[in-house]
Amino acid sequence: MSNPNLQVSAEVRALFPDVFKARPVDSHKGTFGSLGVIGGASGMSGAAVLAGTAAAYMGAGKVWVGFNQDSLPMPIIPGQPEILLATAKELMQRKDIDAWVIGCGFGLSDSSAELLRRILLLGIERAEHNVPMLLDADALTLLSLHEDLAALARQCPSIIITPHAAEAARLLHVSTELVAADRKTAVSALSDQYGGIAVLKGYQTLVADGAAVYQNNSGNPGLSTGGSGDVLSGIIGALLAQGISAWQATRAGVWLHGAAADYLRDLHGGEIGMLAGELPVAARAVRNAGVIRVKG
């Protein structure tokens with residue numbers, strides 16, 4: 001996928017300098033970190049696959065997908081053999097993960113709640129390593145249903161939550177209408193409540209870190225499709241795994257996600273029928289378009 005007219009403004013490159021930095025010539029896969037994605041309960045494996053695929057195209061050195069199932073639903077992801085597969089319980093044992101994405105297709109069963117409890121406790125136990133953990137989708141719903149899980153999440157270092165308006169309302173125990181009426185207050189409250197970074201998805205997605213609120217200006221209604229949020233989580237997760245600060249990685253991930261949708265809209269002449277699975281390759285194209293390479 002290429003477009004000679006695809007450009008990234010100097011303003012955007014200045015906002016996200018580490019995202020658009022050229023790679024060292026002597027780099028290797030270990031240079032760009034390992035991401036662990038945990039989700040994909042029975043019948044929802046695709047959500048975790050989308051997140052993992054997005055992370056691979058966004059440049060993570062290695063991507064693991066851990067399925068919330070007793071055994072692997074597939075021996076290999078068709079078309080994406082680069083992605084490493086495990087069960088969630090197996091993946092949790094690894095100590096070489098540089099960032100986590102938790103919740104895409106995770107499930108809401110009692111066993112899913114218990115698995116999330118174990119993941120959060122693991123994050124607290126390994127707090128000295130300060131490994132970023134992004135919570136999305138079903139993981140957020142479980143936090144809203146179980147106050148003890150929410151309390152554990154608040155103890156995790158470097159936490160990022162990425163709710164849409166309905167999930168945000170459940171986390172704040174208010175109506176969706178109240179969230180929509182004052183989105184900046186809502187995203188700031190979420191950041192304060194969890195002591196980390198909060199993303200409030202939607203038109204002009206907001207990102208808050210307790211001190212500032214960033215308003216995104218990329219994206220279009222083509223993103224209103226199943227799996228789009230899973231792709232966003234994978235994009236942000238990949239940037240986190242590459243060692244980019246949580247504040248920059250989260251804002252840049254939101255921008256890249258929207259810019260990928262804008263690229264696809266322009267490429268195909270409209271927003272209708274955009275698929276989440278198209279976004280990862282487009283996001284890669286956008287990121288590469290913004291990299292300034294110095295010849296020498």
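Colleague: By class, what does the lining of the second largest pocket have in nonpolar, polar and charged residues?

Modeller: This is a predicted model, and in it the second largest pocket has a volume of about 420 Å³. Its lining is made up of 19 residues, with K21, R23, F32, Q242 and R287 lying nearest the centre. Sorted by class, that lining has nine nonpolar, four polar and six charged residues.

Colleague: Which element gives the largest share of the lining of the second largest pocket?

Modeller: Two elements, α2 (45–57) and α12 (279–290), each give two or more residues to the lining of the second largest pocket. The largest share is three residues, and the element that supplies them is α12.

Colleague: Turning to the largest pocket, which residues of its lining are the closest to its centre?

Modeller: The largest pocket has a volume of about 610 Å³. Of the 29 residues lining it, the closest to the centre are K201, G202, L223, S228 and H257.

Colleague: And which element provides the largest share of the lining of the largest pocket?

Modeller: By class, the residues lining the largest pocket divide into six nonpolar, 18 polar and five charged. With four residues, the largest share of this lining comes from α10.

Colleague: Is Q204 buried or exposed, or does it count as something in between?

Modeller: Q204 sits in the loop between β7 and β8, and, setting aside residues up to four places away in sequence, it touches R183, Q215 and N216. Buried would require under 20% relative accessible area and exposed over 50%. Q204 has a relative accessible area of 29%, so it is partly exposed.

Colleague: Which residue just after α7 takes a positive phi?

Modeller: Helix α7 (residues 165–172) has E167, A168, A169, L171 and L172 as its buried residues. What covers these buried residues includes α5 (138–145), β6 (159–161), α8 (176–181), α9 (183–194) and β7. Just after α7, a positive phi of about 60 degrees is taken by H173.

Note on methods
Residues numbered from 1 in each chain as written. Predicted model: local features only at pLDDT ≥ 70, side-chain atom pairs only at ≥ 80, totals over all residues. Heavy atoms only, no water. Buried < 20%, exposed > 50% of the residue type's maximum accessible area, 1.4 Å probe, protein only. Contact = heavy atoms within 4.5 Å. 1 Å grid on protein atoms, 1.4 Å probe; cavity = no way out; pocket = protein on both sides within 12 Å on 5 of 7 lines; lining within 4 Å. Points joined across faces, edges and corners; volume = space filled by probe spheres on them. Nonpolar A, V, L, I, M, F, W, Y, C, P; charged D, E, K, R; others polar.
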